[in-house]
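Hello,

I am handing over the structure we spoke about. Please have a look at it first; my notes follow below.

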Amino acid sequence: MRLKHLFVLWIAFTSFYGQSQLSDGAMISIITCDSGQELYSSFGHSAFRVQDPARGIDWAYNYGTFNFNTPNFYGKFARGKLLYSLSVSKFSDFLFTYELENRWVKEQILALNREEKDALFRFLENNRLPENKDYKYDFLFDNCATKLPEILKKVLGNKLKFDDQHIKAQTTFRDLIHQNLFYNSWSSFGIDLALGSVIDVEAKPEEYMFLPYYVMQQMSHTNLANSPLVIRERTVLDYPNRNFNSTFGTSPLFWLLFLLFFTLAISYIDLRNGTRSRWLDFFLFLVTGLAGVLIFFLWFMTDHSSTANNFNILWAFPLNFIACYFLIRKDRIPTWMGKYILILLVLLGLTLILWIFQVQQFSPLISIVFATLGFRYALLYKYFTNSNPGLK
């Protein structure tokens, strides 16, 4: 019986390692893909490609996939607990999406000897096994791009040397993110709202590689045993870089300016008539309160590393979600409302101080929000502290 078990193990061992041997003509390369229009594709994509014509192999190893059928998918995604996976597909199938969306795809063929190719191929094949393929995704430190240099270091060891001399100026994670986004877009505005001050630190040169473009750039400045790691670069799909600028009428700048001037106009009418527009106050407090609840959730109740220490919560104050109830009522306003408005004005000023001293960088569009809230809060404070307020 013991001999039978040993025989089965020997068959499994030889089968795995036999299938993990590549022929002399095999090639392994780094694939970098252009950014897309949707937010999830704005930063491009990276993958390994393994080609071995003698074995009929032309596969893409893609660390950027996840299963929509995962139980509680949206809850896990929001809380940063969704597992991403390594998937393997035919390279032609991998290219299909990029052909449809007219996104360029570039390839860097690696200068690996026979043993190094086999070692990398075995690693990838072992990593695709059901018990190994999943990993906990992190936008900055563990994604489809960071996986590639991480795996190369594991397989190639000390022979692999990253030269970061091509990076001339240090920049923050937030600035690196914005290199792939249009400032006057809802994507850019939303990211600046959701991500905290932890991304306003300078990224180390190796940390640039959370973005596929910098993985591609770094591979061109990497040596393996004192020789260039990349022996040849080529374009697989050739499309020009595109701009995805939205029309002004749908941009956040347009709608935030509209809100500012609408608030100023309504406030002027309120001042003239000695009244208070309850629905405007309800709207402003409801929206800022909901934004604050979201920021609180992302900061304290998720595993996202990039949403911590988010001082947007000072102006998007979660308790506004409760205060809006009192502001929409027709009966008398609570006596504490004036003090509460004063606290909001102080928090707004504190946010500006944090911005000035670069504790956290905020979206430039937030300045319009600050002007809107600051003016309305000042008006409400005057109303609620008046000895004979005519406002209900």
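One caution to begin with: this is a predicted model, and over residues 387-392 the pLDDT stays under 50. For that stretch the model has 12 contacts beyond four places in sequence. The chain as a whole averages a pLDDT of 90, and 92% of the residues score at least 70. Where pLDDT is low, the predicted coordinates should not be read in detail.

Next, helix α12. This helix covers residues 337-356, which is 20 residues. From its first C-alpha to its last it reaches 29 Å, close to the 28 Å expected at 1.5 Å a residue. Which residues of α12 are buried? They are Met337, Gly338, Tyr340, Ile341, Leu344, Leu347, Leu348, Thr351 and Leu354. The cover over these buried residues includes three other helices, namely α10 (278-300), α11 (320-328) and α13 (366-384).

Two residues stand out for their backbone angles. Most residues other than glycine have a negative phi. Gln358, which comes just after α12, has a positive phi of about 55 degrees although it is not a glycine. Gln358 lies in the loop between α12 and α13. Is Gln358 buried or exposed? Its relative accessibility is 59%, so Gln358 counts as exposed, the cut-off being over 50%.

Asn309 is the other residue: its phi is near 55 degrees, again a positive value in a residue other than glycine. Asn309 sits in the loop between α10 and α11. With a relative accessible area of 33%, Asn309 is partly exposed.

Last, a residue in a strand. Ser46 belongs to strand β2, which runs over residues 45-52. Why does Ser46 count as buried? Buried means under 20% relative accessible area, and Ser46 has 0% relative accessibility, so Ser46 falls in that class. What does Ser46 touch, leaving aside residues up to four places away in sequence? Its contacts are Ile31, Asn62, Cys144, Ala145, Leu148, Pro212 and Val215.

Those are my notes.

Regards

Notes:
Residues numbered from 1 in each chain as written. Predicted model: local features only at pLDDT ≥ 70, side-chain atom pairs only at ≥ 80, totals over all residues. Heavy atoms only, no water. Helix = DSSP H or I, 4+ residues; strand = E, 2+ residues; numbered from the N terminus. Expected span 1.5 Å × (residues − 1). Buried < 20%, exposed > 50% of the residue type's maximum accessible area, 1.4 Å probe, protein only. Contact = heavy atoms within 4.5 Å. pLDDT = per-residue confidence, 0-100.
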